[in-house]
Amino acid sequence: MRKESRWYWARVAVTATVFCAVAATAYVHGVVPLALADDVATVRIAVEAKKFAFGPKEIRVKKGERVTIVLTTPDFVHGFAVPDFNVRADAIPGKTVEVTFVADKAGKFTFVCDNFCGEDHDKMMGFLIVTEGWFQKCI
Ligand SMILES: [Cu+2]
């Protein structure tokens, strides 16, 4: 590796470290509003429960976001439960049911139908994927 190249990467590393330190300090002390820090907002996600699947099967949100699931069903009473977030609601034909929670931990979590709805009820599941935003990775 050439000497100049080493200096280049050293400057990149120092700049990134300083940027993260300043950003983290501003964030911790409330200088940077959360909305600017990571685009935190209420995210509304329509979920349809029907025999015997959820649509969408995968929900992706960012850690810290407030999530409202807007739940409908065309056919039967189903459940929507995300045990890791203590979230559950009944999907009722002809109604729109909303359930709100804060995605306060990152990871891949399972959501399921917890109302027995027929033979393939066990197949009614999907995944809630909560990712860390760049700002949270930084601090
Ligand atoms: Cu079911």
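The secondary structure of the protein chain comes to 3 helices and 9 strands. Read from the N terminus, the elements follow the order α-α-β-β-β-β-β-β-β-β-β-α. The chain has 139 residues, of which 19% are buried. Of the contacts between residues at least 6 apart in sequence, 66% join residues at least 24 apart.

The average pLDDT of the protein chain is 84, and 71% of the residues score at least 70. Over residues 32-37 the pLDDT stays under 50. For residues 32-37 the model has 8 contacts beyond four places in sequence. Where pLDDT is low, the predicted coordinates should not be read in detail.

Strand β9 pairs with β3 and with β8. The pairing of β3 with β9 is parallel and has 5 bridges. Within this pairing, Glu-58 has Phe-127 of β9 as its bridge partner. Strand β8, residues 107-112, pairs with β9 in the antiparallel sense over 6 bridges. Here Thr-110 has Phe-127 of β9 as its bridge partner. Strands β1 and β2 run antiparallel and are joined by 3 bridges. In this pair, Lys-50 has Ala-53 of β2 as its bridge partner.

The largest nonpolar core has 17 residues. The residues with the most contacts inside this core are Val-47, Ala-49, Ile-69, Leu-71, Phe-80, Cys-113 and Leu-128. Two or more residues of the core come from each of β1 (42-50), β4 (66-72), β5 (78-82) and β9 (125-131). Strand β4 gives the largest share, 3 residues. Beyond four places in sequence, Phe-80 touches Val-47, Ala-49, Ile-69, Leu-71, Arg-88, Ala-89, Ala-91, Phe-111 and Cys-113.

The bond from Lys-51 to Phe-52 is cis, with omega near -5 degrees. Phe-52 is found in the loop between β1 and β2. Gly-55 and Pro-56 are also joined by a cis peptide bond, with omega about 0 degrees. Pro-56 lies in the loop between β2 (53-55) and β3 (58-62). Because 13 other C-beta atoms lie within 10 Å of its own, Pro-56 counts as partly exposed. The C-alpha atoms of Pro-56 and Ile-45 are separated by 9.2 Å, and the two residues are 11 apart along the chain.

Most residues other than glycine have a negative phi, and most peptide bonds are trans. Asn-86, which is not glycine, has a positive phi near 55 degrees. Asn-86 lies in the loop between β5 and β6 (87-91). Asn-86 counts as exposed because it has 8 C-beta neighbours inside 10 Å, where the cut-off for an exposed residue is 12 or fewer.

Val-87 has its place in strand β6. With 18 C-beta neighbours inside 10 Å, Val-87 counts as partly exposed, since a buried residue needs 20 or more. Not counting residues up to four places away in sequence, Val-87 touches Ala-81, Val-82, Val-99 and Phe-101. Val-87 and Phe-111 are 24 residues apart in sequence, and their C-alpha atoms are 9.1 Å apart in space.

Key. Residues numbered from 1 in each chain as written. Predicted model: local features only at pLDDT ≥ 70, side-chain atom pairs only at ≥ 80, totals over all residues. Helix = DSSP H or I, 4+ residues; strand = E, 2+ residues; numbered from the N terminus. Core = buried A, V, L, I, M, F, W, Y, C linked by C-beta atoms within 7 Å. Contact = placed C-beta atoms within 7 Å. pLDDT = per-residue confidence, 0-100. Pairing = 2+ DSSP bridges.
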